[in-house]
Amino acid sequence: MMQDDLYMRRCFALAERGRLTCRPNPVVGCVVVSNGAVVAEGWHQVAGQAHAEVHALQQAGALARGATVYVSLEPCVHHGRTGPCTEALLLAGISRLVYAMEDPNPLVAGKGLARLREAGIRVDGPVLQAEAESLNPGFSKRMTCGLPYVRCKVGMSLDGRTAMASGESQWITGSAARIDVHHWRARSCAILTGVGTVLHDDPALTVRLDDYSGLQPLRVIADSDGRTSPSAQLLRLPGKVVLACGPEAASRLQQQDVCSSGLQAECTITAVPLLNGRVNLTTLLRQLASDWQCNEVWVEAGATLTGALLQAGLVDELLTYIAPALLGEKARPLAVLPGLERLADKLSLRFADVTTVGEDCRIRSLVLPQA
C-alpha cells in the first residue's frame with residue numbers, strides 16, 4: 001500500500017540518524033501510527049541501549065495500544081544487552097506490525113515475526129526490502145557470510161594514475177573530495193591500509209570533521225613482516241589499532257613490546273596466516289568481523305593491497321575520486337592486477353552512483369562476482 005511505503009521510507013530516514021553511533025548494531029528506524037496519524041518515532045541511537053521500537057513505544061505511551069508499528073528491520077526476539085523488542089511490542093498492545101526485511105542475525109531470522117504472529121498480531125511485509133537491505137550491507141554480510149562489507153577508496157587522475165613515479169600523491173584531488181572521504185570513514189567500523197602506505201605516507205587514518213563526536217574507526221595495518229615503526233602516526237594518536245602480521249612477525253613484535261603502554265593508541269598485535277608471503281586477507285577480514293564486530297571496512301591503501309583485495313574477490317564497492325588532471329604513463333596505477341591479459345580476464349564493475357564533489361568526480365562502483 002502507498003501509505004505503508006510512505007511510513008517505511010520515514011523509518012529509513014530515522015534509521016540514518018544512528019549511522020555513526022549504533023555500530024556494530026544495524027541502523028533501524030520505527031514509526032507508530034494510530035488512527036491514520038504518526039504518534040511516535042524512534043531509531044536505534046547507541047549500541048547497548050534501547051532499540052528503535054522501544055524508543056518509539058516510550059514516546060507513544062498509551063497511544064501505542066491498537067496502533068500499527070512500522071520498522072525497517074524485524075524486531076529482535078532474543079535477550080542481548082537489551083530485552084526482546086517483540087515483548088515490548090506485545091506489552092504495548094499494538095495490533096499490526098509492518099516490517100521492511102527480516103533480521104539476518106541467526107538469533108532472530110524470522111523468529112521475531114513468528115512470535116508476533118503467534119500472539120495474534122497482524123504482521124505484513126517485507127515492504128521496500130531492497131531499500132532496507134541497502135541500509136545495513138555490512139551487518140547483513142557479517143551475519144550471513146562472516147565477512148565485513150569492504151569499500152576501497154582510490155584518488156586518481158583522469159588517466160587512472162594515483163601517484164607520480166616518485167610516489168608523490170598529495171594532493172591529486174581537491175579539498176571537497178578529502179572532506180567527503182572523512183564522511184565515509186566516519187560510517188566505517190575499521191580503516192584498513194598496508195604497511196607500505198604507513199612507511200611512505202605516515203597517515204593518521206582518523207575522522208577529522210568539525211562536527212564529528214563519534215568513535216574513531218579501528219585502524220588496521222596489514223603488515224606481514226612486522227615493519228611498522230613504533231613512531232608511526234597511527235600508533236601515536238588516540239584510538240584502537242590492529243597490527244595484522246604473519247605469525248613469526250607477530251611473535252617478534254610481541255616480544256619487543258611494540259604495543260607498549262607508552263603509545264597513545266590502544267594497540268593489538270594479531271597473528272594472521274600468510275598466503276604467498278603476505279597476510280591472508282580473507283582470514284584478516286574474517287577476524288575483523290568475528291573478533292572486532294566490523295560491519296564495514298574502508299580501505300585506503302596503495303596499488304598492491306588494493307589490487308590484492310580486488311583479485312581475491314573481497315571488495316564489494318570501489319569509490320573512485322577522479323581529478324581533472326593527467327599524470328602520464330609513468331605515474332603509478334590504481335591497482336596492481338597481474339595476470340589480466342585478455343578482455344575475458346577483466347574485473348567487472350557496475351556504476352552505482354556518479355557525482356561531482358567540488359572540482360572532482362566521484363564514481364561509486366559495485367564489484368560484480370567474477371566468472
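**Entry 1: a helix and its cover.** Which elements cover the buried residues of α6? I am working with a predicted model, and in it the cover includes α5, β6 (149–157), α11 (281–291) and β14 (296–299). I then listed the buried residues of α6 themselves: Pro137, Gly138, Phe139, Ser140, Lys141 and Arg142. Just after α6, I noted that glycine 146 has a positive phi of about 75°.

Entry 2: I wanted to know what lysine 141 pairs with. Its salt-bridge partner is aspartate 316, with 2.8 Å between the closest N and O atoms. Lysine 141 sits in helix α6 (residues 137–145) and aspartate 316 in the loop between α12 (303–311) and β15 (317–323), so this pair ties together parts that lie 175 residues apart in sequence. Are the two partners buried or exposed? Lysine 141 has a relative accessible area of 17%, so it counts as buried. Aspartate 316, at 18%, is buried too. The cut-off I used for buried is under 20%.

**Entry 3: other salt bridges.** I looked up the total, and the structure holds 16 salt bridges. One of them joins glutamate 87 and arginine 115, whose closest N and O atoms are 2.9 Å apart. This pair links distant parts of the chain: glutamate 87 belongs to helix α3 (residues 85–92) and arginine 115 to helix α4 (residues 111–118), 28 residues apart. Glutamate 87 is partly exposed, with a relative accessible area of 33%, and arginine 115 is partly exposed at 29%. I also found a network of salt bridges that links Arg151, Arg187, Glu296, Glu317 and Arg364.

**Entry 4: the open sheet.** In what order do the strands of the five-stranded open sheet run? I read β2-β1-β3-β4-β5, with mixed pairing. β2 (37–43) and β5 (122–124) are at the edges with a single partner strand each, so one side of each has no neighbour in the sheet. On average, neighbouring strands here are turned by 20° against each other, direction ignored.

β4 and β5 pair in the parallel sense over three bridges, and valine 98 stands opposite aspartate 124 in β5. Helix α4 packs on the sheet and touches β4 and β5, its direction making about 160° with that of β4. Aspartate 124 turned up again in a salt bridge with arginine 122, at 2.8 Å from N to O. Arginine 122 is partly exposed, with a relative accessible area of 49%.

**Entry 5: the nonpolar cores.** Which residues touch the most other members of the largest nonpolar core? Out of 40 residues, they are Met8, Tyr70, Ile94 and Leu97. Elements giving two or more residues to this core include α1 (2–16), β1 (29–34), β3 (68–71) and β4 (96–99). The largest share, six residues, comes from α1.

Leaving aside neighbours within four places in sequence, methionine 8 is in contact with Tyr70, Val71, Ser72, Val98, Tyr99, Ala100, Val127 and Leu128. A second, separate core has 33 residues, among them Ala190, Val242, Leu318 and Ile363.

How values were computed:
Residues numbered from 1 in each chain as written. Predicted model: local features only at pLDDT ≥ 70, side-chain atom pairs only at ≥ 80, totals over all residues. Heavy atoms only, no water. Salt bridge = Lys/Arg side-chain N within 4 Å of Asp/Glu carboxyl O. Helix = DSSP H or I, 4+ residues; strand = E, 2+ residues; numbered from the N terminus. Buried < 20%, exposed > 50% of the residue type's maximum accessible area, 1.4 Å probe, protein only. Core = buried A, V, L, I, M, F, W, Y, C linked by side-chain atoms within 4.5 Å. Contact = heavy atoms within 4.5 Å. Pairing = 2+ DSSP bridges. Axes fitted to C-alpha atoms, helices over the stretch in contact; angles between N-to-C directions.
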